[in-house]
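The following note sets out numbered remarks for a colleague who has the coordinates open. Each point may be checked against the model as it is read.

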Amino acid sequence: MKTNGKITWLVGLFMAAMVAFVQADGQKEEFASLKKSRAERTALVSYLKSTDAAKETASGLLSAAEGAPAEAKRMVEAENKDRERMFSIIAAMQHQTKEEIAKQFAIRMGVDVTAPELVTTLRIDGSNTVGASLAPELVMAFLKDRGYSNVAIEREGVESQITYKRPGKRELGVVEIKAHGSSTAFDETEENKGVGLRGKYCDIGMSSRPMKDKEQEMLAAAGYGDLRTAASEFPIALDGVAVVLNRSNPIKSLTVEQVADIFAGKISNWKQLGGPDRNIFLYARDQQSGTWDTFKSRVLKPFKLSLSEKNVKRFEDSSLLVRNVAADKGGIGFTGLAYVNSSVKGLAVQAGQQARPFQPTRLTVKTQDYPLARLLYFYLPIEANQMARDLVKFVMSNNGQAVVDKVGLVGQGLSTKQDQSNAESLKKQLLADASVPQEYKDLIVGADRKDTQANIRFVQGSNEPDINSINNLDRLSSYLANSGNENVSVVLVGFADSVGSNFANMRLSRQRADSVRELLEAKGVTNVVARGFGEAMPVADNGSADGRAKNRRVEIWLKRN
């Protein structure tokens with residue numbers, strides 16, 4: 001079996017060491033055994049390097065490629081173990097350090113030891129809505145917050161690579177982000193391989209929808225346990241699936257059912273809705289997109305409809321979808337709130353004929369009153385590495401949520417000036433609305449929602465707040481614990497859906513407000529008042545399960561005494 005020149009050099013160096021270094025027979029036997037083991041795998045090492053399954057590094061050791069077969073990774077591990085032992089023996093013989101011997105070997109193997117190596121420290125896969133802008137900005141802010149330098153990003157399509165310099169390290173750290181759609185947070189797809197939590201291709205999954213039952217079952221079978229608990233499922237931001245039109249279109253609002261009929265092809269001309277005599281052209285996200293999953297489940301599925309196969313184009317890139325709608329007078333599409341700009345018109349959407357139309361805005365998304373509001377998630381396995389845990393902790397902090405606001409999505413940390421202005425405008429509308437109960441007006445007239453726009457919502461069929469609401473209650477208790485807020489009191493206003501008698505709904509709405517009060521008091525919050533208003537002031541249509549769930553809510557108001 002032939003060996004290349006570089007391998008021959010190492011063997012020659014070891015042979016010289018054996019001649020010059022007389023030791024006990026046990027040492028010589030170890031040399032002979034190491035030499036034999038390495039010689040037997042020489043051809044395989046050369047093959048792995050020629051196919052990029054492994055590469056030489058400045059440390060004198062091999063590095064297996066991320067997608068290398070398990071057998072190849074085991075071979076690399078065995079080769080590195082033998083090399084490290086040989087480096088140690090030669091170092092002792094030559095009165096040099098092990099690192100110096102390893103460096104000499106790396107140079108002989110053709111490695112540029114002066115160039116910084118790239119070491120992947122974190123991998124994040126999944127949603128394009130999260131991964132296109134939000135995740136890269138969160139990662140870069142996190143790295144800078146930790147004191148790392150030379151933070152830089154390279155983008156290629158929907159993938160990003162962020163590099164950074166760690167103090168005392170020659171290598172550059174790398175964070176890889178692959179944003180091919182929410183489904184790829186959990187597993188590979190036909191279109192995208194080498195992604196997802198199931199195959200351990202990533203450390204964090206990002207999704208613009210909740211994990212599906214079948215995805216949870218698949219990951220549980222893979223040894224991940226339940227990733228839908230508060231320890232693993234993190235709502236990192238709010239977004240709205242905005243329905244967008246060409247700016248020349250005069251249509252101002254549609255019901256969810258009308259939007260469904262359009263995308264199913266049942267309505268194919270704008271004149272059917274009172275608009276111009278112009279054919280409708282559809283622009284939709286791709287099959288792997290969480291935005292598509294949300295649209296399908298919130299818009300099409302309730303009416304047992306499916307996406308039309310006529311006059312429809314599908315996109316992996318949300319920005320490209322918006323540009324196409326802007327260029328098509330008959331166009332209509334759907335995308336994340338962050339992608340709505342002045343080139344298109346965001347459509348006001350009604351949950352039903354009896355519900356109010358809501359524009360896709362920061363306020364309506366933050367209260368989740370907008371019919372197509374949604375949460376964006378990070379999924380963090382219990383066994384995740386420390387860096388992944390630290391990133392999620394940063395993302396959930398006020399500093400992390402400020403980054404969410406900065407990129408155009410809706411954060412849940414400290415309110416922006418725009419949030420506070422929106423909240424004051426809404427209060428004025430409520431006080432002026434003749435349909436709003438006078439008792440409610442009396443309750444809120446001296447209060448505000450400048451810092452508490454998020455409504456508390458509940459797990460289906462219970463008075464237990466959902467995960468996002470629990471996080472918001474934690475933020476509220478922390479805010480109230482700050483100096484200067486000692487005299488701030490909390491007003492909780494509960495609501496119910498219209499199922500059942502008025503008396504029963506009044507009781508249920510009060511029970512929900514009381515359950516939130518008890519949670520806040522357990523966190524040390526005092527001066528809490530809870531009231532219930534039954535089925536009054538619905539924000540959605542009680543004719544659907546989703547609408548009823550939205551109406552079961554608790555508002556939080558603050559009185560600054």
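**Remarks on the predicted model**

1. Asn80 is a residue of helix H4, which spans residues 70-94. The structure is a predicted model, and the remarks below should be read accordingly. With a relative accessible area of 12%, Asn80 is classed as buried because this value falls under the 20% limit. Beyond residues up to four places away in sequence, Asn80 is in contact with Leu61 and Leu62.

2. His95 has a phi near 60° and sits in the loop that links H4 to helix H5 (98-108). Its relative accessibility is 75%, so His95 is exposed. Gln368, which is likewise not a glycine, has a positive phi of about 65°. This residue belongs to the loop between helix H11 (362-366) and strand S16. Gln368 is buried, however, at a relative accessible area of 13%.

3. Strand S10 covers residues 281-285, and four of its five residues are buried; the strand is therefore largely enclosed by the rest of the structure. S10 pairs with strand S12 (residues 331-336) in the parallel sense, over three bridges. In this pairing Phe281 is opposite Gly331 of S12. S10 also runs parallel to strand S11 (residues 312-315), to which four bridges join it. Here Leu282 is placed opposite Val312 of S11. Between S10 and S11 the chain passes through helix H9 (residues 290-300), giving a right-handed β-α-β crossover.

4. Which residues have the most contacts inside the largest nonpolar core? They are Leu197, Val259, Ile262, Phe263, Trp270, Phe295 and Ile332, in a core of 46 residues. At least two residues of this core come from each of strand S8 (233-246), helix H8 (256-264), S10, H9, S12 and strand S16 (373-379). H8 makes the largest contribution, with five residues.

5. Leu197 may be examined individually. Leaving aside residues up to four places away in sequence, its contacts include Ala185, Phe186, Asp187, Cys202, Asp203 and Ile204. Also among them are Leu219, Tyr224, Leu227, Tyr379 and Pro381.

6. An open sheet of three strands, in the order S9-S14-S15, shows mixed pairing. Strand S9 (253-255) and strand S15 (357-358) are the edge strands; each has a single partner strand, so one side of each has no neighbour in the sheet. Strand S14 (residues 348-350) and S15 run antiparallel and are joined by two bridges. Val349 is opposite Phe358 of S15. H8 packs on this sheet through contacts with S9 and S14, and its direction makes about 85° with that of S9.

7. One annotated region remains to be noted. An unreviewed UniProt entry places the feature "domain: OmpA-like" at residues 445-561. In the model, the chain over residues 445-561 is 36% helix and 20% strand. The end C-alpha atoms of this stretch are 13 Å apart.

Technical notes. Residues numbered from 1 in each chain as written. Predicted model: local features only at pLDDT ≥ 70, side-chain atom pairs only at ≥ 80, totals over all residues. Heavy atoms only, no water. Buried < 20%, exposed > 50% of the residue type's maximum accessible area, 1.4 Å probe, protein only. Pairing = 2+ DSSP bridges. Right-handed = clockwise from strand over helix to strand, strands pointing away. Contact = heavy atoms within 4.5 Å. Core = buried A, V, L, I, M, F, W, Y, C linked by side-chain atoms within 4.5 Å. UniProt positions renumbered as here; feature names shortened; annotations may be inferred. Axes fitted to C-alpha atoms, helices over the stretch in contact; angles between N-to-C directions.
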